[in-house]
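Trainee: Before we look at anything together, could you take me through how you read strand pairing and a ligand shell in a model like this?

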Amino acid sequence: MKFVYDFTEGNKDLKDLLGGKGANLAEMTNLGLPVPPGFTITTEACKTYLDSGEEPTELRDEVSAHLDALEQKMGKKLGQADDPLLVSVRSGAKFSMPGMMDTVLNIGLSDKSVTGLAKQSGDDRFAWDSYRRLIQMFGKTVLGVDGDLFEEALEKAKEAKKVTVDTDLEAADLKKLVTKFKKIVKTEAGRDFPQDPREQMDLAIRSVFESWNTDRAKLYRRQERIPGDLGTAVNICSMVFGNLGPDSGTGVAFTRDPASGHQGVYGDYLQNAQGEDVVAGIRNTVPLADLEQIDKKSYDQLMQIMETLETHYKDLCDIEFTIERGQLWMLQTRVGKRTAGAAFRIATQLVDQGLIDEAEALQRVNGAQLAQLMFPRFDESAKVEQLGRGIAASPGAAVGKAVFDSYTAIKWSRSGEKVILIRRETNPDDLDGMIAAEGILTSRGGKTSHAAVVARGMGKTCVCGAEDLEVDTKRRRMTVGSTVVEEGDVVSIDGSTGKVYLGEVPVVPSPVVEYFEGRMHAGADDADELVAAVHRIMAYADRVRRLRVRANADNAEDALRARRFGAQGIGLCRTEHMFLGERREMVERLILADADDEREDALKQLLPLQKRDFVELFEAMDGLPVTVRLLDPPLHEFLPDITELSVRVALAESRKDANENDLRLLQAVHRLHEQNPMLGLRGVRLGLVIPGLFTMQVRAIAEAAAERKNAKGDPRAEIMIPLVGTVQELEIVREEAEQVIAEVIESTGVDLKLALGTMIELPRAALTADQIAEAAEFFSFGTNDLTQTVWGFSRDDVEASFFTAYLEKGIFGVSPFETIDKDGVGKLVKDAVKAGRATRPDLKLGVCGEHGGDPESVHFFHEVGLDYVSCSPFRIPVARLEAGRAAS
Ligand code: ADP
Ligand code: MG
Ligand code: MG
């Protein structure tokens with residue numbers, strides 16, 4: 001196996017082997033761009049090292065051969081005393097892991113060669129500056145010395161000299177600093193800084209290998225779902241120097257604006273500096289456009305290279321470059337990160353430039369970006385006072401009064417106040433407070449902290465880990481620098497950027513939602529441009545997708561909105577909402593009924609109300625399918641709370657005026673109380689034990705459909721039975737339903753075709769799908785319940801208690817309620833699809849439940865061959881887009 005590739009040997013498609021950085025350095029080299037010569041050690045070598053604790057035996061010789069070739073090309077030897085070749089040893093994995101792994105610059109400098117470098121460059125200061133940088137970086141990353149010790153020594157040197165920037169230190173100062181740094185290494189690492197250049201290089205290579213497995217790198221990979229076994233490549237790149245004086249410098253640039261996609265000059269430049277100085281922010285950079293004045297020749301060349309790169313990669317690229325005494329060098333490029341809005345704009349811009357086609361444009365955006373664009377946001381033109389910034393944990397813009405405990409959050413929100421719950425970090429006890437709050441702000445914790453996970457699950461705005469905030473829950477206040485925010489002061493938090501503001505920042509609706517709602521009128525040019533791009537991409541997606549997209553909607557208002565968002569029907573209409581409010585009393589009577597006539601009476605009262613709901617719904621969705629699910633939840637949800645009622649009855653009894661109805665109610669409440677309501681009397685079981693309940697609902701649906709037909713409408717109702725576990729249940733309900741439908745046809749004289757199907761949401765249903773398909777014209781996978789029953793945990797009970805621990809331990813990459821668990825739940829779905837279709841080839845198949853609007857899950861449902869996904873109205877555009885991406 002070959003473990004080392006010269007930059008001239010690789011190309012951009014070899015990211016698995018050469019890492020992103022190495023593959024792109026090779027690509028640029030082969031494009032004829034000015035890249036300092038070098039070579040790349042493969043990820044395979046890294047894997048061998050990590051597996052066995054030793055470099056592969058061939059590696060040393062291969063590195064020697066490539067180093068020889070490099071030395072010949074450069075006309076000098078690594079660390080040569082009178083004129084040293086210096087190299088950088090740079091990490092670079094397949095996926096970019098910013099700041100996670102190591103890079104060491106200026107390898108090859110030693111007590112001897114530093115004077116050679118000084119002579120050759122004619123610049124003492126430069127040589128000693130480079131040497132102190134080497135010892136600092138090497139000491140920190142390779143020898144594990146605390147980096148602060150070097151920083152402190154550097155600060156002291158500046159103070160002693162009464163200067164503020166490192167460029168004001170002279171050669172003599174830097175020489176002293178080198179002595180100091182070497183002492184630090186000796187004391188802290190227990191060894192001398194290595195003087196042998198090859199030893200420096202080999203140790204640096206090994207340390208890059210090892211940096212793959214640091215705790216922070218592991219955690220980052222788990223969060224970003226990057227596989228842990230890829231390993232990193234190592235790039236050995238001959239040094240070029242941006243710190244050789246004012247005609248040298250280093251910078252970063254984008255080939256177009258990563259925030260808007262606009263073409264232009266975007267980047268930062270720093271004169272007389274080495275690469276890491278730009279990121280470290282030790283001196284102020286100038287805008288890249290200023291380089292034109294500083295060094296016109298290099299500037300023009302850079303502009304031309306950026307154009308070459310864009311045309312070649314057919315995408316926005318970001319780059320790192322260095323200018324050494326007027327000579328431009330390219331040190332890195334990659335397809336650059338961009339904001340959600342820019343992703344849409346750039347995709348359409350590139351189509352217009354003829355660089356990519358529409359199918360490719362679809363791959364350049366994703367549903368998560370679209371979802372981000374649909375959140376309301378803060379008015380950017382408003383005057384704001386930013387308090388700090390944390391991690392953008394769950395998007396949205398939330399404004400409210402600061403409260404520092406859940407109890408106050410609940411109390412204030414009950415009295416109509418909007419509140420932001422501010423905690424150092426949250427725990428399961430804060431759940432009710434989090435529900436009550438508009439948004440959640442914490443000063444500790446990352447993307448998998450309790451606050452972040454729970455907020456995302458609830459769709460609630462959250463900023464976490466805003467470390468500048470000093471949260472003092474005891475005194476009910478937080479301090480940020482000199483600003484004190486007391487309980488009740490208004491704050492605004494932006495869950496899309498992580499920014500925290502003092503006071504109320506005005507919120508504006510998303511232009512993309514305005515567009516979907518059909519309310520988009522000409523406003524800011526910027527928004528128009530974004531909307532036009534979204535419009536075009538959605539059109540591509542709709543053209544190519546095979547999956548249809550329906551909405552979960554329970555009433556006409558939601559249905560109409562869903563239609564505007566592009567829904568092609570309703571995949572789930574829950575009827576339980578139709579039993580609440582003032583109708584609750586009728587349901588109580590139904591439950592309490594001892595005798596048939598009592599029950600029939602209650603049902604008779606409910607029938608016209610249900611029917612009216614359906615008429616409205618069928619009208620709103622005229623011409624499109626509407627799947628109505630018969631009553632699903634446990635009955636106790638319609639009854640009073642057991643504790644409250646017990647207390648009421650006990651009090652009444654002590655006063656000796658207990659009323660008969662309350663006593664009956666209490667008995668019923670006791671009878672229906674369940675330890676595990678999720679696994680109790682619900683779904684089809686209700687229909688089987690409460691005579692007349694399902695038939696009343698079927699009658700309401702059928703009569704509503706008949707009424708719509710008489711009004712020249714086109715109702716397309718489908719009746720769905722929930723929580724079926726065996727075909728027998730379905731057969732009984734089916735028989736009764738068919739009889740009722742026949743009666744309605746008979747009595748109204750309207751010909752009705754109502755499809756009857758079932759939800760597949762129990763493992764047994766999935767496992768016996770072949771039998772169930774005998775009695776069902778359609779399946780709708782209820783993946784929420786299926787996930788609960790397959791995993792054996794209830795979402796309501798466990799999400800807040802142990803999911804963060806599971807995420808931190810890497811057991812989940814993401815909650816199985818958010819993205820379908822393909823191996824477990826998904827396997828059941830896949831097998832049930834096959835079995836169902838084997839029994840009934842024209843079986844219609846869909847999914848309802850959160851997963852229907854989750855990007856990754858949509859791809860899965862496309863692959864297993866479902867006909868449609870159904871999701872909440874707001875997620876419909878996301879599902880349309882992802883269905884298009886899955887198909888193209
Ligand atoms: P990261 O992945 O953290 O960006 P890099 O390997 O790109 O790490 O290197 C860190 C910095 O050092 C960058 O600014 C890069 O441009 C600079 N750098 C790396 N190699 C060289 C080199 N051979 N000559 C000059 N600067 C270099
Ligand atoms: Mg870099
Ligand atoms: Mg269910």
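**Reading the sheets and the ligand shell**

Mentor: Let us begin with one pair of residues: Thr627 has Glu718, in strand 27, as its bridge partner, and please keep in mind throughout that this is a predicted model.

Trainee: In which sense do strand 26 and strand 27 pair, and over how many bridges?

Mentor: Strands of a sheet pair through backbone hydrogen bonds, and they do so in either a parallel or an antiparallel sense. Here strand 26 (residues 625-629) and strand 27 (residues 716-721) pair in the parallel sense over 5 bridges.

Trainee: What order do the strands of the barrel follow?

Mentor: The barrel is closed by 8 strands in the order 24-25-26-27-28-29-30-31, with parallel pairing, and neighbouring strands of this sheet are turned against each other by 25 degrees on average, direction ignored. Helix 31 (residues 783-791) packs on the sheet, where it touches strand 29 (778-782) and strand 30 (844-848), and its direction makes about 60 degrees with that of strand 29.

Trainee: Which strands stand at the edges of the open sheet?

Mentor: That sheet has 3 strands in the order 18-19-20, and its pairing is antiparallel. Strand 18 (470-472) and strand 20 (483-486) stand at the edges; each has a single partner strand, so one side of each is left without a neighbour in the sheet.

Trainee: Why does ligand 1 lie between domain 1 and domain 2?

Mentor: Both domain 1 (44-238) and domain 2 (249-335) give residues to the shell around ligand 1, so the ligand lies between them. Of the 15 residues around ligand 1, those that come nearest are Ser88, Arg90, Thr103, Gly275 and Glu320, and the shell divides into 6 nonpolar, 6 polar and 3 charged residues.

Technical notes
Residues numbered from 1 in each chain as written. Chains lettered and ligands numbered in written order. Predicted model: local features only at pLDDT ≥ 70, side-chain atom pairs only at ≥ 80, totals over all residues. Near = placed C-beta within 6 Å. Nonpolar A, V, L, I, M, F, W, Y, C, P; charged D, E, K, R; others polar. Domains from an automatic or database assignment. Pairing = 2+ DSSP bridges. Helix = DSSP H or I, 4+ residues; strand = E, 2+ residues; numbered from the N terminus. Axes fitted to C-alpha atoms, helices over the stretch in contact; angles between N-to-C directions. Contact = placed C-beta atoms within 7 Å.
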